[in-house]
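Please keep the sequence and the model in view.

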Amino acid sequence: MISKIAMTFAAGLVAVTLSVSAQAQVQQMGATPKADDLIKALKPDASGSGSPGPLNVRGIRVLNATPGAAAAAPHPSAVALDVKFALGSADLTDAARQTIGQLAKAIKSDQLVPYRFQLSGHTDSTGRPDANLALSQRRAEAVKTYLVDSFGIAPDRLEAVGRGQEEPIDASHPDSGVNRRVQVAILGAK
């Protein structure tokens, strides 16, 4: 009979392994995200397998699955955008508006118009976990609102979710700014 300690250790090891393998798929990219690069990263491949090719742009990190969300349905295509907000708020900066503008062009493209998207807000570990969860939700909602109000994207194509500090890209440095992001994932066809 396996002891409770051994089972807890094994579960922890599986969680760490899943976290490390998800992080190994994250790639550092070029200068700024462009709509064409977002389309390539998010669009499922022509074979129908749903697996996108790698993206070569800075500020976007390609993720093939949502880290730490084993119970959730896998996302075939996801990118993490470096969306800048005012400190401790959900106020979009000018740089954030430019990044979201490129995302809007991608979402409205012929290649991505058939899809729905999840916008997941993430924070670093600075601050209280409950406050970070609420802040990440407000930030995801701010991105959704901007996409709907400024670019005319149908609200039913977007789902805003706050993840807080629970899914860092850089788990060895949970307070790093790299963990503050909005992750965009395809949920499936409309």
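Q: Which backbone nitrogen lies 2.7 Å from a polar atom of the side chain of Asn179?
A: The model is a predicted one, in which local features need pLDDT of at least 70, side-chain atom pairs count only at pLDDT 80 or more, and totals for chains, interfaces and linings use all residues. Residues are numbered from 1 along each chain as its sequence is written, and side-chain values use heavy atoms, with hydrogens and water left out. At 2.7 Å from the Asn179 side chain, the nitrogen is that of Ile169.

Q: Is Asn179 buried or exposed?
A: Asn179 sits in the loop between strand E4 (158-164) and strand E5 (181-189). Its contacts (heavy atoms within 4.5 Å) beyond four places in sequence include His122, Asp124, Pro168 and His173. With a relative accessible area of 0%, against a limit of under 20% (1.4 Å probe, protein chains only), Asn179 is buried.

Q: How many helices and strands are there in the protein chain?
A: Helices (H or I, at least four residues) and strands (E, at least two) are DSSP runs, numbered from the N terminus. Along the sequence they follow the pattern α-α-β-β-α-β-α-β-β. The chain therefore holds, by these DSSP runs, four helices and five strands.

Q: What share of the 190 residues in the protein chain is buried?
A: Asn179 is itself a buried residue. For the protein chain of 190 residues, the buried share is 43%.

Terms used
Buried means under 20% relative accessible area, exposed over 50%, partly exposed in between (1.4 Å probe, protein chains only). A polar contact is a pair of N or O atoms within 3.5 Å; within protein, one must be able to donate a hydrogen and the other to accept it, and residues adjacent in sequence count only if both atoms are side-chain atoms.
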